[in-house]
Amino acid sequence: GRYADTRLHMPTLFLYGDRDVAIKPPMLRGIEDHADDYRLEVLPGLSHFCIEQAPEVVAPKIVDFVR
């Protein structure tokens, strides 16, 4: 699409709840090909709004990432 030839140059963390009904696993494939520093972390039992579901799980991961 429109951004097919662009790259993410900043460190990128994708926190993905494995029960997400909006983003399916095939949609996650290939993102790393467009990023210099990309990390996907799957969060078991969480859905699309994982930060609201389990802030005690998600917030520390974000804090560690931005340090």
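In the predicted model, D20 touches L46, S47 and H48, with residues up to four places away in sequence left out of the count. D20 is placed in the loop that runs between β1 (12-17) and β2 (38-43). The contact with H48 includes a polar one between the two side chains, at 2.8 Å. D20 is buried but forms no salt bridge. The nearest side chain of opposite charge is that of K24, at 6.8 Å, whereas a salt bridge requires a distance within 4 Å.

R19 lies in the loop between β1 and β2. With residues up to four places away in sequence again excluded, R19 touches G45, L46 and S47. R19 has a relative accessibility of 58% and therefore counts as exposed, the threshold being over 50%. The C-alpha atoms of R19 and D37 are 25 Å apart in space, for a sequence separation of 18 residues.

P25 is likewise located in the loop between β1 and β2. P25 is classed as partly exposed because its relative accessible area is 44%, a value between the limits of 20% and 50%. Between P25 and V57, which are 32 residues apart along the chain, the C-alpha separation is 21 Å.

The largest nonpolar core consists of seven residues, namely L13, L15, L43, L46, C50, A54 and V58. In soluble globular proteins, nonpolar side chains tend to be buried together. L46, one of the core residues, is touched by D20 and by R19. L13, another member of this core, touches R39, E41, K61 and F65, not counting residues up to four places away in sequence.

Technical notes
Residues are numbered from 1 along each chain as its sequence is written. This is a predicted model: local features need pLDDT of at least 70, side-chain atom pairs count only at pLDDT 80 or more; totals for chains, interfaces and linings use all residues. Side-chain values use heavy atoms; hydrogens and water are left out. Helices (H or I, at least four residues) and strands (E, at least two) are DSSP runs, numbered from the N terminus. Buried means under 20% relative accessible area, exposed over 50%, partly exposed in between (1.4 Å probe, protein chains only). Lys and Arg count as positive and Asp and Glu as negative; His and the chain ends are not counted. A polar contact is a pair of N or O atoms within 3.5 Å; within protein, one must be able to donate a hydrogen and the other to accept it, and residues adjacent in sequence count only if both atoms are side-chain atoms. Contact means heavy atoms within 4.5 Å. A nonpolar core is a set of buried Ala, Val, Leu, Ile, Met, Phe, Trp, Tyr and Cys residues joined through side-chain atoms within 4.5 Å.
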